[in-house]
Amino acid sequence: MKFISYNNNSFKKTEYYTRLPEKEREVFDILSSVFHFKVNTYVLEHLINWDAIPNDPIYKLIFPRKEMLPITDYKALQLLYQSGLEEKTLMPFIQKVKKKMYPEVKHCETSIPKVDGVRVRGMYSNFGTIVSLFPDPMAKTCHSYCSYCFRWIMFNNKEAQQNSSYKDPQEPVAFLKEHPEISDVLFTGADPLVLKAKTLREYIDPILEIDSVKVIRISSKSLAWWPFRFTTDQDADELLALFKYIQSRGKHLNLCAHFTHPVELENEAVKQAIQRIRATGTVIRCQGPLVEGINDTPEDWSTLWNKQITLGMVPYYMFIEADHNSESCFRIPLAKALQIFQEAQKKTTGLARTVRGPVFMNDLHRTLLDGVVTINNERFFVLKSLQAPPNTFGEGTIKLIPYSDTTKNAGNLIELFSESPSAIDQLV
Ligand code: SF4
């Protein structure tokens with residue numbers, strides 16, 4: 001299959017645009033000028049069920065939704081569009097709305113690595129044994145964009161890309177050599193696997209030289225968005241050879257595969273891709289967020305995890321959707337999230353119980369929403385810190401917060417799990 005991707009303008013020239021109900025077309029026209037949008041031929045032809053618009057989960061996973069904007073801004077934009085003005089005339093207002101919606105991603109000062117007092121660009125180290133790397137070419141794009149993505153500020157934004165990524169493949173080496181306690185290196189993005197195998201190797205090679213690094217992780221949604229990356233793309237064989245080569249250098253290779261809905265695992269293309277990756281010895285661990293209206297039933301998750309096990313992958317994390325979208329329209333109430341996780345687990349093979357969830361992945365902690373307890377007739381959510389910055393001493397601790405049927409927010413997790421206030425006083 002030939003990879004053709006469409007942005008908001010080119011998509012309007014496809015037959016699929018004309019298949020959108022009129023109301024959906026209007027929402028698309030308005031919102032795709034503010035938010036990110038990219039879709040490819042595989043998603044259009046094989047994943048979206050066009051007879052089920054607007055309720056199809058993959059449609060909702062790709063197309064922006066009205067609730068992403070405050071209603072007043074949406075209505076203002078709607079009026080301007082209905083006035084028939086050209087988009088370039090509307091641009092100043094669109095930019096204003098867009099800026100308001102920029103996700104706020106906080107990093108603690110201690111999570112920004114430095115060598116000789118100088119910041120190492122494109123590297124973040126929230127926990128003691130792992131760093132995340134953002135090489136410049138990997139931070140730019142994905143095979144398609146998810147509506148709920150909080151990294152969209154990086155797409156088509158040179159300034160944001162330059163500030164948070166690095167170009168020289170040697171950049172992280174000095175820091176990693178100074179920190180032998182770091183065993184895991186995560187290549188992330190956007191999506192690292194949009195790159196050619198040759199470019200990927202240029203960035204991975206220097207890391208393989210460091211003995212204390214034992215695990216290479218690559219975070220990607222390409223199995224879901226473009227499985228041909230591992231089968232028929234021109235350099236698919238070279239990519240799989242790179243996977244083997246990483247392991248031949250004595251490292252464990254983990255593909256953190258982002259799956260959101262069981263439909264993404266249904267067709268032959270993805271099954272074949274998974275088989276080819278597994279044949280290299282790479283372990284595929286699966287993770288994804290719980291998202292309102294897309295995968296918010298126990299059946300969605302039990303089916304997803306059972307399929308992952310059948311295909312030889314390891315269910316790893318169910319995340320609570322990040323709340324960087326100020327309207328929080330993708331996040332569901334914590335009580336419901338917990339109920340979905342617990343009900344789904346009851347319907348899965350024991351092998352799928354490796355999955356942890358629901359887990360907050362934002363802020364600085366990996367925090368598990370572990371259950372509900374009643375003490376003196378009062379109900380509480382039980383939160384457990386799975387990982388925390390080394391200087392906060394919070395890792396492994398359990399905290400209780402008041403239970404609510406409706407809340408989507410657990411409050412400030414950094415403060416909750418910090419015993420050392422100094423670690424939280426410098427959020428940047
Ligand atoms: S694949 Fe990841 S980085 Fe890319 S749009 Fe989806 S959530 Fe964002």
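Visitor: Which residues does Gln78 touch, not counting residues up to four places away in sequence?
Guide: Gln78 touches Glu26 and Ile30. Contact here means heavy atoms within 4.5 Å. By the way, this is a predicted model, where local features need pLDDT of at least 70, side-chain atom pairs count only at pLDDT 80 or more, and totals for chains, interfaces and linings use all residues. Residues are numbered from 1 along each chain as its sequence is written, and side-chain values use heavy atoms, with hydrogens and water left out.

Visitor: What's pLDDT, and what does the chain average?
Guide: pLDDT is the predictor's confidence in each residue, from 0 to 100. The chain averages 92, and 95% of the residues score at least 70.

Visitor: Where does pLDDT stay under 50?
Guide: Over residues 421–428. The model has 19 contacts beyond four places in sequence for that stretch.

Visitor: Back to Gln78. Is it buried or exposed?
Guide: Gln78 counts as buried because its relative accessibility is 18%. The cut-offs: buried is under 20% relative accessible area, exposed is over 50%, and partly exposed is in between, using a 1.4 Å probe and protein chains only.

Visitor: And what joins the side chains of Gln78 and Glu26?
Guide: A polar contact of 2.8 Å. That term means a pair of N or O atoms within 3.5 Å; within protein, one must be able to donate a hydrogen and the other to accept it, and residues adjacent in sequence count only if both atoms are side-chain atoms.

Visitor: Which helix is Gln78 in?
Guide: Gln78 lies in helix H6. Helices (H or I, at least four residues) and strands (E, at least two) are DSSP runs, numbered from the N terminus. Helix H6 covers residues 71–82 and is among the elements that cover the buried residues of H3.

Visitor: Which residues of H3 are buried, then?
Guide: In helix H3, residues 22–31, the buried ones are Glu24, Val27, Phe28, Ile30 and Leu31. Their cover also includes helix H1 (8–11), helix H2 (15–19) and helix H5 (57–62).

Visitor: What about Leu44, what is it in contact with?
Guide: Leaving aside neighbours within four places in sequence, Leu44 is in contact with Tyr6, Phe11, Tyr16, Val39 and Trp50. Leu44 sits in helix H4 and counts as buried, since its relative accessibility is 2%.

Visitor: New topic: which residues are around the ligand?
Guide: Cys142, Tyr145, Cys146, Cys149, Phe155, Ala190, Lys221 and His258.

Visitor: How many of them are nonpolar, polar or charged?
Guide: The shell has six nonpolar, one polar and one charged. In this scheme Ala, Val, Leu, Ile, Met, Phe, Trp, Tyr, Cys and Pro are nonpolar, Asp, Glu, Lys and Arg are charged, and the others, Gly among them, are polar.

Visitor: Tell me about Lys221. Buried or exposed?
Guide: Lys221 is buried, because its relative accessible area is 6%. Lys221 lies in the loop between strand E8 (215–220) and helix H11 (222–225).

Visitor: What does its side chain make a polar contact with?
Guide: The side chain of Lys221 makes one with the side chain of Thr260, at 2.9 Å. Not counting residues up to four places away in sequence, Lys221 touches Cys146, Asp191, His258, Phe259, Thr260 and Glu264.

Visitor: Which domains does the chain have?
Guide: The domain assignment gives domain 1 (5–100) and domain 2 (104–281). Their contact takes 21 residues from domain 1 and 23 residues from domain 2. Such bounds come from an automatic or database assignment. The C-alpha centres of the two domains lie 29 Å apart.

Note on methods. Near = heavy atom within 4 Å.
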